[in-house]
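User: Hi! I am new to this structure and would like to understand how its parts are described. Could you walk me through it?

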Amino acid sequence: MIAMDIDDLESSELYSEELDIDLSSGDDDAVFEWFLASVLFGGRISEDIAKRTYRAFERHDLLTPGDIVDAGFDFLVDPVMQEGGYVRYDNQRSEQILRNCRTLLDEYDGRLNELHEAAEDEDDLEDRLDAFYGVGPVTVNIFLRELRPVWEKSDPDPLDTIRDAAERHDVDLDRYDRKSETFARVEAGLVRRRHE
């Protein structure tokens with residue numbers, strides 16, 4: 001077991017903060033930006049490529065579902081995905097993002113906050129997100145864990161990789177209020193240290 005400095009862990013930078021996304025107000029634009037980033041982080045690529053690809057969306061001013069749909073598939077593949085460093089999955093990820101933006105526009109007026117409002121409870125919220133094309137439990141977890149303090153129905157169980165890292169580093173997750181920002185920071189810190 002490797003004990004780590006709890007103060008450092010509790011002040012870990014959130015992934016949304018690293019991308020300059022402020023989720024604290026629950027603003028529709030910020031929540032969508034975090035969803036887009038979460039879809040990228042949830043893919044089978046490195047964190048660095050996910051961050052670079054998010055920044056490419058940002059550079060091209062593609063941070064709303066409508067703007068992404070208007071840009072179209074070809075533009076997402078090249079230049080956006082290419083600039084991000086996608087090589088093998090650029091077509092697949094572009095199609096996923098486009099389909100999810102269309103679904104969001106068609107079913108929730110382009111607002112993830114509307115999806116949250118429509119959800120009956122935590123399980124229904126996770127099911128609604130999981131129903132998006134190519135989005136699975138890991139992506140849902142990535143998205144919801146930093147929204148715990150913001151969205152009433154957001155409270156996913158920590159991923160096994162986070163629990164394993166907590167155990168290896170002698171961190172008691174049960175001592176934290178799961179709906180707190182501190183818990184989200186602890187999770188982010190453990191994700192970054194999961195291979196240590």
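Analyst: Happy to. In this predicted model, the buried residues of α4 pack against α2, α3, α5 and α6 (90-108).

User: Which residues of α4 are called buried, and what makes them so?

Analyst: They are Ile 49, Ala 50, Lys 51, Thr 53, Tyr 54, Ala 56 and Phe 57. Buried means a relative accessible area under 20%, so each of these residues falls below that cut-off.

User: How do you know what span to expect for α4?

Analyst: The expected span is 1.5 Å times one less than the number of residues. With its 13 residues, α4 is therefore expected to span 18 Å, and the model's reach from first C-alpha to last, 18 Å, is close to that.

User: What follows α4?

Analyst: Asp 61 does, and its phi is positive, near 55°. Asp 61 is not a glycine, and it sits in the loop between α4 (47-59) and α5 (65-84).

User: Why is Asp 61 called exposed?

Analyst: Its relative accessible area is 55%. Exposed means over 50%, so Asp 61 qualifies.

User: Where is Asp 20 found, and what is its phi?

Analyst: Asp 20 belongs to the loop between α2 (15-18) and α3 (28-41). Its phi is positive, about 60°, although Asp 20 is not a glycine.

User: Is Asp 20 buried or exposed, and how do you know?

Analyst: Asp 20 has 61% relative accessibility. That value is over the 50% cut-off, so Asp 20 counts as exposed.

Key: Residues are numbered from 1 along each chain as its sequence is written. This is a predicted model: local features need pLDDT of at least 70, side-chain atom pairs count only at pLDDT 80 or more; totals for chains, interfaces and linings use all residues. Side-chain values use heavy atoms; hydrogens and water are left out. Helices (H or I, at least four residues) and strands (E, at least two) are DSSP runs, numbered from the N terminus. Buried means under 20% relative accessible area, exposed over 50%, partly exposed in between (1.4 Å probe, protein chains only). Contact means heavy atoms within 4.5 Å.
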